[in-house]
Amino acid sequence: MASSAISPLLLLSLLPFLPLYAASNVTLGSSLSATIDNNPSAWISPSGDFAFGFRQLNNTDIFLLAIWYAQLPDQTIVWHANTTSPVQTGSNIELTTNGLKLTDPNGLTIWTAQSANSTISYGAMLDTGDFILSGTNTAVYVWQSFNYPTDTILPTQILPLGDMLYSKLSETNYAKGRFELHFMNGTLQLNPVAWPTETQYNYYYSSGTANLNSSLSGFQLVFSQSADIYILLGNGTTFPLWPYIFPNSSNYYRATLDCDGVFREYAYPKSSVGNESWSVVGYIPENICADLTTNDLGSGACGYNSYCMANGSTSSCHCPPGFSFIDPNNDYGGCAPDFPQDCGVDNGASNPEDLYDMIEVQNINFPFGDYDSLGPYNLTQCEQACLQDCNCVVAIFNGILCWKKRLPMSNGRLETALAIFKVRKQSVANTTPLGGSSDPISNSKKDKLVFWLSLLFGSSGLFNILPIARRDFSNDFQKLSEKIKRGHS
């Protein structure tokens with residue numbers, strides 16, 4: 001796993017093709033260095049399909065020690081070392097009799113792969129995508145990358161009971177993300193986690209293959225050489241995760257727990273000419289937006305204050321009116337309001353109809369987190385109930401009942417409902433109160449100053465400490481206004 005210290009804004013750069021020198025074994029004493037080089041070195045599998053080495057991120061001095069498809073244009077990463085700090089320029093990986101040792105530019109060890117009981121004889125990057133270490137006294141691999149998967153498994157790879165996968169944080173950030181795949185107690189489960197911790201929420205998918213009778217319980221998750229993925233039960237029968245894949249020897253295959261929480265199997269033609277991409281051939285769950293619902297804790301499939309849209313095997317997250325993505329490079333990271341959203345902003349000094357528009361959006365719902373339920377109401381009553389309530393960010397209307405919600409909104413998705421969002425009027429949002437000639441709120445200088453103070457203090461909560469916050473503010477406002485005038489004279 002890449003360290004969480006790697007910024008979510010780092011992008012994966014596309015490197016030139018690696019030189020396809022191939023050797024059966026990596027000999028003791030062999031090493032690779034993390035260098036910014038137009039012709040980087042790597043340990044290549046005999047077929048040239050896979051490479052083991054350092055992958056540079058976004059043309060910076062940050063690297064991943066990784067395994068990737070060496071012959072694809074995007075050089076898709078399928079494994080990376082679980083380091084606790086970023087791998088920087090000048091870092092080095094060496095194969096010794098004790099195993100693999102990754103050191104930083106100062107020579108300090110930051111990651112190892114070794115066996116406690118065996119001396120290493122050689123290493124090898126196999127055509128399966130598995131990097132292995134072989135001992136001197138055994139034909140069994142003493143260490144292999146297949147035993148330490150990250151977000152991806154490959155054909156011939158097996159997940160035994162107790163193993164797991166974890167998603168990336170985003171498409172371009174390899175830090176541990178918001179979802180985990182666990183194969184334990186005989187069943188396969190997908191769980192959201194309380195990022196950035198490892199606390200698990202309730203699963204949103206379960207294979208249901210656990211059984212008190214061990215012969216009927218799940219034993220292994222198998223990705224067969226023929227590209228079929230199934231759970232092997234104790235009695236040798238299989239439980240497929242999706243319909244059988246008719247294998248094509250002209251394709252590469254992989255299965256990845258993606259950053260949106262969907263476990264997908266992909267295919268890619270080996271005879272790529274540069275305009276192909278990975279295509280989905282199977283996935284779980286069927287609808288991540290509907291299946292991943294957390295009514296007690298968590299944001300749901302997308303981040304807080306966003307809503308999820310599923311289209312077959314794909315999903316996407318969107319910000320509602322008045323909100324924007326927190327991280328423009330991560331649509332799954334949630335949205336933030338474009339203007340302060342709290343009772344301290346207005347403080348009852350202005351007519352809400354002068355400050356806000358109510359925008360109706362069909363078929364969006366945030367099904368949990370209600371703090372008020374009103375009805376029977378009509379649409380106008382529902383809009384007014386939210387407009388006049390400084391806590392209300394959105395109201396959900398089903399034709400009879402009106403549910404009010406405050407920040408943060410969670411579990412947003414497409415459903416039969418009407419969402420009514422309260423957003424700042426465009427003229428108000430774009431006004432600089434002390435520098436412009438127009439007054440979008442009223443002609444009252446008192447109201448203008450209240451609006452300016454709300455923008456200055458409201459989002460931080462400091463507005464609540466002013467004496468005008470909890471009582472009739474006419475006298476205090478006059479004193480404060482005079483002080484401000486003297487300060488600007």
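1. Aspartate 228 touches Val222, Phe223, Tyr244 and Ile245, leaving aside residues up to four places away in sequence; contact here means heavy atoms within 4.5 Å. The model is predicted, so local features need pLDDT of at least 70 and side-chain atom pairs count only at pLDDT 80 or more, while totals for chains, interfaces and linings use all residues. Residues are numbered from 1 along each chain as its sequence is written, and side-chain values use heavy atoms, with hydrogens and water left out.

2. Aspartate 228 is located in the loop between strand 19 (218-223) and strand 20 (229-233). Strands (E, at least two residues) are DSSP runs, numbered from the N terminus. Aspartate 228 is buried but forms no salt bridge, and arginine 264, the nearest side chain of opposite charge, is 17 Å away. Buried means under 20% relative accessible area with a 1.4 Å probe, protein chains only; a salt bridge is a side-chain nitrogen of Lys or Arg within 4 Å of a carboxyl oxygen of Asp or Glu.

3. Glycine 48 also belongs to a loop, the one between strand 2 (43-44) and strand 3 (50-56). Its relative accessible area is 4%, so glycine 48 is buried. Between glycine 48 and alanine 70 there are 6.7 Å in space, C-alpha to C-alpha, although they are 22 residues apart in sequence.

4. The largest pocket holds about 530 Å³ of space. Of its 22 lining residues, Thr76, Lys168, Glu171, Arg254 and Asp258 are the closest to its centre. Strand 22 (251-257), strand 23 (263-269) and strand 26 (314-318) are the elements that each give two or more residues to this lining. On a 1 Å grid over the protein atoms alone, a pocket is an open set of points with protein on both sides within 12 Å along at least five of seven lines, whereas a cavity is a set where a 1.4 Å probe fits but cannot get out; lining residues have an atom within 4 Å of a point.

5. The second largest pocket has about 410 Å³ of space. Closest to its centre, of 23 lining residues, are Arg178, Trp195, Gly303, Tyr332 and Gly333.

6. Four cavities of 30 Å³ or more are found in a search of the whole structure. The second largest cavity has a volume of about 50 Å³, and its lining includes Ile67, Trp79, Phe146 and Gln157. Strand 5 (77-80) and strand 13 (152-153) are the elements that give two or more residues to the lining of this cavity.

Definitions and conventions
Grid points are joined across faces, edges and corners, and a volume is the space filled by probe spheres set on the points. Helices (H or I, at least four residues) and strands (E, at least two) are DSSP runs, numbered from the N terminus. Buried means under 20% relative accessible area, exposed over 50%, partly exposed in between (1.4 Å probe, protein chains only). Lys and Arg count as positive and Asp and Glu as negative; His and the chain ends are not counted.
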